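Here is a short report on salt bridges within helices. Look at the sequence and the model first, then read on.

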Amino acid sequence: MNDALNQLQPYPFEKLRALLGTVQAPADKTPIALSIGEPKHPAPAFVAEALSTNLGQLSVYPTTLGIPALREAMAAWAGRRFGLTTGAVDPARHILPVNGTREALFAFTQAVIKRSAPGEAPGLVVSPNPFYQIYEGAAFLAGAEPHYLPCLEAHGFNPDFDAVSDDIWQRCQILFLCSPGNPTGALIPVETLKKLIALADKFDFVIAADECYSELYFDEENPPAGLLTACAELGRSDFKRCVVFHSLSKRSNLPGLRSGFVAGDADILKAFLLYRTYHGCAMPVQTQLASVAAWNDETHVKANRDMYREKFDAVLAILEDVMDVKRPDGGFYLWAKTPTDDETFTRELFAHEHVTVVPGSYLSRNVNGTNPGAGRVRMALVAPLAECVEAAQRIRAFIERR
């Protein structure tokens, strides 16, 4: 077996199951899970209809590159969404469909990382901390070394990129970004993205921007910028060293469709396509056609944001005066401080109120004796409004009793 498998840590939800395994939750209270970031809003009916209408495509082998109509829909959406000039994203060169961003983030790392020579220090995969666990696992399995940048409140829950030494940038092969962040919900300012692009040019690394939460924001008049926005403002029409990951899972409440795309540097995507051709991960044609329908519609996406906005308003009104918790820039998580350590808070909340959250320390790594997620919990406001309100009321009562 691959020795690198021994470096993988238990997934946060495995740790959570172990933490709560012997805890008896009150039987008179219905369970409410704020732990897993799985969208629960209804899937768009027109997407389901497009999927069922095209089930005859089950008899067709899909191609890794995908059908032109899908790549065109993805490219057009990216151009509209990030204010790019018409045709800036070439469907034939700058777009590659993927089966959700999770598998794509992992596979991308395997394709990009250069194996170190004997006696040479391994390349670095630099990521925020806390972080999406795939970044770390992908680094280990690619023979790289993860390097974690703490996301602290003092820096708006974004990494302090100015504090990163040239030695780290020199060894960096991939810089993972997540904006809005998981679990913090923090947005990376476009001016910061421009500085990172300059660093990528100077030290020759790839920026991989995980933007799967980009369509969950609060101000309809000001959609958050992304890495493609920064490229456009720099006149970087080739998107050199820049790659973005987008998905229908959060945007369109379609986590089970497993549909997304990678966009950016054509040379990188050409090599990634070669890898994926061997990897055997083509998207089924019926899924592609359903995805075209989703990318071409924004009405359901705005309705989705409206539902999240309503839940944030209601939950924060209940919790803000008993917890240190603030509305994030985007996403569907609350990143709340706990009155005691995060594991104890999580365990006791479950024991007393049958509400499940995730300890922040499970989403982070200890670096130099500090875990930036310690003393916080992640709450995913994915359940229906009434359940989120009920959960907030139980959390408030739990804190007040303490």
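## E390 and R394

E390 is partly exposed, at 33% relative accessibility. R394 is buried, at 6%. Buried means under 20% relative accessible area, exposed over 50%, and partly exposed in between (1.4 Å probe, protein chains only).

The two side chains form a salt bridge, 2.9 Å from N to O. Such a bridge puts a side-chain nitrogen of Lys or Arg within 4 Å of a carboxyl oxygen of Asp or Glu. E390 and R394 sit four residues apart in helix α14 (residues 385-401), about one turn of the helix. Helices (H or I, at least four residues) are DSSP runs, numbered from the N terminus.

Some salt bridges share partners. They join E153, D324, K326, K337 and R376 into one network. The structure holds 28 salt bridges.

## Two other helical pairs

D306 pairs with R309 in a salt bridge, with the closest N and O atoms 2.7 Å apart. Both residues belong to helix α12 (residues 299-319), three residues apart. D306 is partly exposed at 32%, and R309 is buried at 18%.

K194 bridges to E191, with the closest N and O atoms 3.2 Å apart. Both lie in helix α7 (residues 190-203), three residues apart. K194 is buried at 18%, whereas E191 is partly exposed at 46%.

## Basis of the values

This is a predicted model: local features need pLDDT of at least 70, side-chain atom pairs count only at pLDDT 80 or more, and totals for chains, interfaces and linings use all residues. Residues are numbered from 1 along each chain as its sequence is written, and side-chain values use heavy atoms, leaving out hydrogens and water.
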